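Colleague: Could we go through this model together? I would like to start with the loops and then move to the strands and the core.

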Amino acid sequence: MKQLLVGAFLGFYTIMSFSQTTTEDSKFALGISTGYNRGLGVQLSVTALKPLENIPLQIRFGVGLSKLDPGNAADARRIFINNATNGVPEKKASAFDYRLDFMLDSNLIPIENFQIAFGPRYTSYKANFNYVGGNENFDVTSNQFGIGIGAESQFKINNRLNLLAAVGIDYYFNSTLKGHDTSYSPDNDNVNPRNDNENNNEEFTYSDADKAINQPSFMPRVLIGLVYML
C-alpha cells in the first residue's frame with residue numbers, strides 16, 4: 001500500500017504541476033491526501049468551490065481507505081467463534097469511508113487560506129482474523145454513521161495546484177458487529193452470542209465484542225495532500 005500511495009501522490013503532482021492557467025473561474029477542485037487516520041490512510045475528494053455566490057462556503061465529497069489495528073485476536077475468536085486456542089493468529093483491518101464536508105473560511109489562525117471543515121461521515125469496516133494451523137479464518141464487519149470536524153489550510157504551488165495540510169477528528173457511532181454466524185448489537189439484541197467460559201459461561205455482550213474489535217470510534221486525522229483547481 002505504501003508504494004501505491006507514493007505513486008499516486010507523485011503522479012498527481014507531476015501531471016497537475018504543468019498547468020499554468022488562472023483559477024479565477026474555477027468551480028471545482030480535485031484532491032488527494034495521505035497520512036494518519038488512526039492508521040495509514042489515503043483520501044480522494046472533489047470540492048465545489050463556489051456553490052453559494054455570496055457565502056464563503058465550499059462543499060467537499062470524499063472517499064478514503066485506512067489500514068487499522070483490528071483488535072485482540074484471541075478475544076475475537078472466543079466472542080465470535082469458540083474457545084479454541086490453537087493456531088498462530090494473523091490479523092488485519094481496513095475502513096472505507098465516505099465524507100461530506102462543509103468548509104468555511106476562518107481567521108481563527110492567521111495563516112493563508114485557513115478553513116474550518118465539518119460534516120457527516122459513513123464507514124464500512126472489516127477486520128480479518130486468520131489462525132494459521134487452527135483452521136479458522138473469519139471477518140468481523142460493521143457499518144457506521146459519524147460526524148467530523150477539522151481545520152486545514154492550502155498553500156499555493158502554482159496557478160492551479162495547492163498543497164493541503166489538514167488536521168481533524170471524526171467520531172463514529174456504535175453499530176452492530178457481525179462475524180461468522182454471530183452478531184452483537186448496541187442494544188444487546190444479539191444473534192447466536194457465544195458463552196464466556198472464563199465467566200461462568202455467561203453470554204458475551206456487545207460491550208465485550210466492541211472492546212475486542214477496534215471498529216472506528218474516535219478517528220484523529222493528520223493529512224497532507226494536493227488540491228487541483230479545475
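**Loops, strands and core**

Modeller: Let us begin with His 180, which is found in the loop between β8 (177-179) and β9 (182-184). Helices (H or I, at least four residues) and strands (E, at least two) are DSSP runs, numbered from the N terminus. This is a predicted model: local features need pLDDT of at least 70, side-chain atom pairs count only at pLDDT 80 or more, and totals for chains, interfaces and linings use all residues. Residues are numbered from 1 along each chain as its sequence is written, and side-chain values use heavy atoms, with hydrogens and water left out.

Colleague: What is the phi of His 180?

Modeller: His 180 has a positive phi of about 60°, although this residue is not a glycine. Most residues other than glycine have a negative phi.

Colleague: Is His 180 buried or exposed?

Modeller: His 180 counts as exposed because its relative accessibility is 55%; buried means under 20% relative accessible area, exposed over 50%, and partly exposed in between (1.4 Å probe, protein chains only).

Colleague: And where does Asn 201 lie?

Modeller: Asn 201 lies in the loop between β10 (195-196) and β11 (202-203). Its phi is also positive, near 55°, and Asn 201 is partly exposed, with a relative accessible area of 47%.

Colleague: Turning to the strands, which ones pair with β4?

Modeller: Strand β4 (residues 88-105) pairs with β3 (residues 57-68) in the antiparallel sense over twelve bridges. Strand β5 (residues 114-132) also runs antiparallel to β4, joined by 16 bridges. Two strands count as paired if DSSP finds at least two bridges between them.

Colleague: Which residue is the bridge partner of Lys 91 in β5?

Modeller: That partner is Phe 129.

Colleague: Which residues touch the most other members of the largest nonpolar core?

Modeller: They are Phe 80, Phe 129, Phe 138 and Ile 213, in a core of 23 residues. The elements giving two or more residues to this core are α2 (73-80), β4, β5, β6 (136-156) and α3 (206-212). A nonpolar core is a set of buried Ala, Val, Leu, Ile, Met, Phe, Trp, Tyr and Cys residues joined through side-chain atoms within 4.5 Å.

Colleague: What is Phe 129 in contact with, leaving aside neighbours within four places in sequence?

Modeller: Its contacts (heavy atoms within 4.5 Å) include Pro 70, Ala 76, Lys 91, Phe 138 and Ile 213.
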